[in-house]
Structure formats: structure tokens, C-alpha cells
Amino acid sequence: MKLNFLGACREVGRSAIFAETSDTGIMLDCGINLGGEEKEERYPYIPDEVMEKLDTVVISHAHLDHSGYLPHLYARGWRGNVYTTKPTRDLMQLLLADYLNIARENDRAEFTMQDLNNLMRDIEYIEYGEKIQLPNSNHTKITLHKAGHILGAALTRIEDEKEEKSLLYTGDFSYRPTNILEPSQTDIEPFDALITESTYGGKKDNLPGLKKKSQQLAKEVKKTVQKGGKVIIPSFGVGRAQELMITLDNYMQSGFIPNTQAYIDGMIKKANSIHRQNVIHMKEEIPKRILMAQENPFDPEYFNPPKTKDRSDVTDNNEPGIILTTSGMLTGGPVIQYLKKLGHDPNNKIILVGYQVEGTPGRALQEGANTIELPKRNGEKEEIEINAKVKTLHFSAHSDREEILEYISNLPRPEKVYLVHGEEKKTKNMSKELEKRNYETYVPKQKQEHQF
Ligand SMILES: [Zn+2]
Ligand SMILES: [Zn+2]
């Protein structure tokens, strides 16, 4: 099997790996880099030669760093087979339409609604564990397995029966259970090579467990609302937002966080309904809770969308409040408006909960910047001052260093391990650790090819 690493090499973002088997060409993920300004930084490197050999795209999960470039392939004239899970297809529809809208507002749309519709029509969804013989191929099969991370996320196993070679690609995975998902699966047929993400593979990347970080979050929120301030929690609309919402709602129900106006904004509400429609793909207790207790965790008691279009009912008062809104790295979405109105007030607090890609306003804020550049509607930037307190709590949907290592050791042992989707230093460090444990590892550079 021949691998060509086209993105997410020594960086987080624009995941895309081209795998060539004896009789077909498969793209594993096809994402964009949200932190990238220029096309060379923003998009994966997909030359026409790869497009010609490309029959099938498999999408690991809906996040744009894994799915965002796919409609661009359609704009470039590609048509083919696209496989993923059903929840990922549903979430992709939401995220890609939002991506197109924002791109249009900034005059930088590079695909059309028609391209997106063609893509959505081509997507076929497969069940976890179901082995599929790829069309236009006699020897290549794929299987998807549960990856944790977000609803619908999948590990992809490719098998070439003729060459007798197989590969497991993790996409983004979480080997820790979350509020709604089981951890990534380990009972998988053996494989020769593993391609794994390494977002939190750095030496010091030990993230607190779910319980501890939930308590930290609740305490931080409580501190601010008790003093009458507002808490802004920028979040990915899909996955993390639902986990945070459920956590905070529970703390409010229990009375630990005083009864406060709480808002969800951006695509979170729509993502909530997609979660509700796909509960069978979650931890067993979630569908049970809905069936038995008739309660829907995706329609929480305390969180509501703003009542006015300009959001003045949320911002123009001196009441405490909790605002859970997109986007997680402050690259667009309603969070921009909230920061412009509320960011200058030292009584307020911004809690960053996820990984902040280099080059994003979120990363700047995390590193202590007092002013940040936020996008305006016309594509220009506006500098704003932030006096609100800034707190980072890694409420991550990824595995941390120990969990990545533990997960790899609990999988069938591969001959080779390729590390992607991590900053260079962290990925190299993880590679060193794996070498100590006698794995043959590679940290590919973009455009690098490798045969196994
Ligand atoms: Zn992801
Ligand atoms: Zn990712």
C-alpha cells in the first residue's frame, strides 16, 4: 500500500492522506486548516495526479479540519464514492453549509451550493463494524470503528486482500469516555500500519479527567456569575458544545451554579437536534435515559438561544449570564459579536475549552494577548481590547499523551506507526516515546510518500 501525506503533517488541520492499494485510490479525510490565511497553508496539497487516481473518500468525522476541503474537490470536477457514518453525514451537512455561508460573507467562497448538494447526494453511510467492498475494486475493503471524539467519529481500517496489507487510520479519537460517547474501540482486526493523530502527544500533555475538568469548569463559571459577570465559552458547535452544555446544565440543576440566564448560539441548537436524532450511536445510557425518563439531554432545561436577532437581550444588561457559542477558536460566528460587546469588561470571563490552532485569535488570547484581531463581515480585521479574564480549561475531545500510548498498546500491534495531526514538537516527542517501546515510527512531512 502506498501512502501520500497531503496535510496535517507536523500541524493540526487540513487532514488528508491518499492511500493507494493494488486496485483503487482512497483519500482518508479531506480537511482545511482554519488557522491558515493563504491557500498554501489553508488547504491540503492535492495535485491533479492524485485527483485522477482518486475513487473513494472516507471521512473520519465532521469537523472541518477533516471534511472542509471535500466540496472543493467537487468544485474541481471530481465525483466519486464518499463514505462515512450517518451522524457524520448529518453533521457535515450543517458544518459545510455554515462554512460556505461564512466564506460567501467574506467573498472567498470557492465552491457553490450545487457542489455541496452533489457531495451530499454522493455520500453513502455505513454502520460501525460493517465491512464494505469498495466499488471499482476487487480486493480493497474498508471498515469503520468507533473513535469516541465526537458523535459519528470513526477509525478507518483499509484492507488490500491481494497485497495482503492493511492499515488503520485513527482520525481524531478519544480513549476516554465522555458524557455521551464510549471511548475509541480496540477490538479491531490486526493491521500492518497505524496512522494516528497526536494532538496532545507532547511531553507535558496530561489532561485532567472528565470529572475533574467538569468541576473546574463549574467553579470558574460560578465565580464569575456570583459576582454578576458574564461567562463566554467559545466552543466547537459540534461535539464539545453538547458535552459542555450537558455538564453545565447538570451543575445548574444541582444548584452548584446559581440559577443564571444561559444561552446557546451559533449552530449549537441545530447540532443538538442532530444529536437527538442519532442517540443510538452514543453510550447506551443516553438512549435509555431518553426512553425511560423521557428527558432529552439535548434540549436542556437552562440553555436557550437569544431572543433578539442582534443579541441585545443577552449583551445589553448588567445581569450575570453564561454564553456558549461558536466558534471555538474565535475565527468567526456569533462569538465575535459577544467579544466586541463584552470583552472589554474585567468582570466578565472568557473560558477557552479546546485546542487553539496557531494563528487563530483564540491562540493569541490563550498566550496572553490584550488585544486581538477579529474578522469583520467584509473580510477585513478589527482590533479589539480584551480586559475580561481569560481562562483555559482543556475540555478536550482528544486523548492525552498517556491515553494515546495506552490506546496504541491495547490495539493489535502494527509494524509501522505514522504520526500526524499534531504540532511538530509534540509529534516528534510522541514518536521518540514510541521508538523506546520498539515501534517503527514516522513523522511524515507534507507531500511525503511512503510504501509499506
Ligand atoms: Zn475533530
Ligand atoms: Zn482534527
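Analyst: Buried means under 20% relative accessible area, exposed over 50%, and partly exposed in between (1.4 Å probe, protein chains only). By this rule, both His-61 and Asp-172 are buried. The model is predicted, so local features need pLDDT of at least 70 and side-chain atom pairs count only at pLDDT 80 or more, while totals for chains, interfaces and linings use all residues. Residues are numbered from 1 along each chain as its sequence is written, chains are lettered from A and ligands numbered from 1 in the order in which they are written, and side-chain values use heavy atoms, leaving out hydrogens and water.

User: Which residues coordinate the zinc ion (ligand 1)?

Analyst: Donors are N, O and S atoms within 2.8 Å of the metal (3.2 Å for Na, K and Ca); water is not among the atoms, so sites may look incomplete. Here the donors are His-61 (NE2), His-63 (ND1), His-149 (NE2) and Asp-172 (OD), at 2.1 to 2.4 Å. Asp-172 also bridges the zinc ion (ligand 1) and the zinc ion (ligand 2), which lie 3.5 Å apart.

User: What is the geometry of the site of the zinc ion (ligand 1)?

Analyst: Four donors count as tetrahedral if all angles lie between 85 and 135 degrees; four count as square planar and six as octahedral if opposite donors are over 155 degrees apart and all others between 65 and 115; anything else is irregular. The angles among the four donor atoms of the zinc ion (ligand 1) run from 90 to 165 degrees, and the site is irregular.

User: How many aromatic pairs does a search of the whole structure find?

Analyst: A pair of aromatic rings is described by the distance of the centres and the angle of the planes. Rings of Phe, Tyr and Trp (its six-membered ring) pair if their centres lie within 6.5 Å; planes under 30 degrees apart count as stacked, over 60 as edge-to-face and the rest as tilted. The search finds nine such pairs. One of them joins Phe-173 and Tyr-407, which is tilted because the centres are 4.7 Å apart and the planes stand at 35 degrees. Both Phe-173 and Tyr-407 are buried. Tyr-200 and Tyr-355 form an edge-to-face pair, with 6.0 Å between centres and 85 degrees between planes. Tyr-200 and Tyr-355 are both buried.

User: Which residue has its charged end over the ring of Tyr-45?

Analyst: A charge sits over a ring if NZ of Lys or CZ of Arg is within 6 Å of the ring centre and within 35 degrees of the ring normal. For Tyr-45 the residue is Lys-447, 4.4 Å from the ring centre. Lys-213 likewise lies over the face of Phe-395, at 5.0 Å from the ring centre.
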